Structure formats: structure tokens, C-alpha cells
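Subject: Structure for you to look at

Hello,

Here is the structure I said I would pass on. Please open it next to this message; my notes follow below.

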Amino acid sequence: MLTVGEVARESGVSGSAIRFYERQGLIEASRTSGNQRRFGPEAACRVRVARVAQRIGLSVGEIRDLLAALPPEPSLADWQRLHDRLTAEAERRIAVLHAALEDTHSGRRLCDL
């Protein structure tokens with residue numbers, strides 16, 4: 001079991017970010033008898049996935065749903081499916097942005113005032 005600091009180091013975020021992700025339901029912790037958080041070995045991986053998903057533009061709710069679809073002990077194939085979903089979503093959003101850029105570069109007026 002990992003402490004907040006250990007998960008933070010392994011995932012490259014701050015301890016406050018770990019606590020935020022826990023409050024948002026992206027990772028889960030158990031409590032020691034001294035009420036300290038302890039995370040499973042997959043917590044840092046989930047945080048890294050969440051960070052990439054945020055950079056793609058997914059909301060916290062969308063990320064929660066994405067991670068909730070994983071089984072309790074994800075296999076490499078489960079992580080690969082998640083990776084493929086994130087990649088497809090990133091490519092879809094890039095295509096939408098390219099279309100918007102084409103509109104702005106078309107020379108057409110976007111509005112007539």
C-alpha cells in the first residue's frame with residue numbers, strides 16, 4: 001500500500017492533486033488505524049491516465065466514467081483498451097479543431113454586423 005507522497009512521486013503530481021483525485025472518485029484509498037490514506041499499486045497509473053485525459057480535454061466526470069469501466073484489477077489488455085479509447089478521443093477532438101481552423105482561415109466572414 002502506498003502513501004499520498006509515494007503516489008504523488010510515482011505519478012508526477014502534488015499530494016494535493018492526489019487528494020483531489022480521491023475526492024473526485026478517480027482513485028480510492030483505504031485508511032490506516034491512524035486515519036492515514038493508503039492507495040493500491042495501481043493508483044499512480046490511474047493518476048497518470050487521468051492527467052493525459054485532462055490534457056485531451058475530458059472532464060473529471062468523463063475521466064471518472066472511463067476509469068470506472070476498468071475492472072478492479074485491470075489486465076494489460078484492459079489498459080490497452082483504455083489507451084485506444086483515449087487515442088481515438090484525442091484524434092476526434094483534433095479533427096474538430098482542424099475543422100474550426102479551416103473555418104477561420106477560409107476568408108469567409110464568420111458574422112455580418
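L82 touches V49, L66, L67 and L70, leaving aside residues up to four places away in sequence; contact here means heavy atoms within 4.5 Å. This is a predicted model, in which local features need pLDDT of at least 70 and side-chain atom pairs count only at pLDDT 80 or more, while totals for chains, interfaces and linings use all residues. Residues are numbered from 1 along each chain as its sequence is written, and side-chain values use heavy atoms, with hydrogens and water left out.

The core

L82 is also one of the residues with the most contacts inside the largest nonpolar core, together with V7, I18 and L86. That core has 26 residues. A nonpolar core is a set of buried Ala, Val, Leu, Ile, Met, Phe, Trp, Tyr and Cys residues joined through side-chain atoms within 4.5 Å. Buried means under 20% relative accessible area, exposed over 50%, and partly exposed in between (1.4 Å probe, protein chains only). At least two residues of this core come from each of α1 (4–11), α2 (15–23), α3 (43–56), α4 (60–68) and α5 (76–105). Helices (H or I, at least four residues) and strands (E, at least two) are DSSP runs, numbered from the N terminus. The largest share, seven residues, is supplied by α3. In soluble globular proteins, nonpolar side chains tend to be buried together.

Helix α5

How many residues does α5 have? It has 30, and α5 reaches 43 Å from its first C-alpha to its last, close to the 44 Å expected at 1.5 Å a residue. The expected span is 1.5 Å times one less than the number of residues. D78, W79, L82 and L86 are the buried residues of α5, and what covers them includes α3 and α4. After α5 comes G107, with a positive phi near 90 degrees.

A68

A68 and I27 lie 41 residues apart in sequence and 9.6 Å apart in space, C-alpha to C-alpha.

Regards
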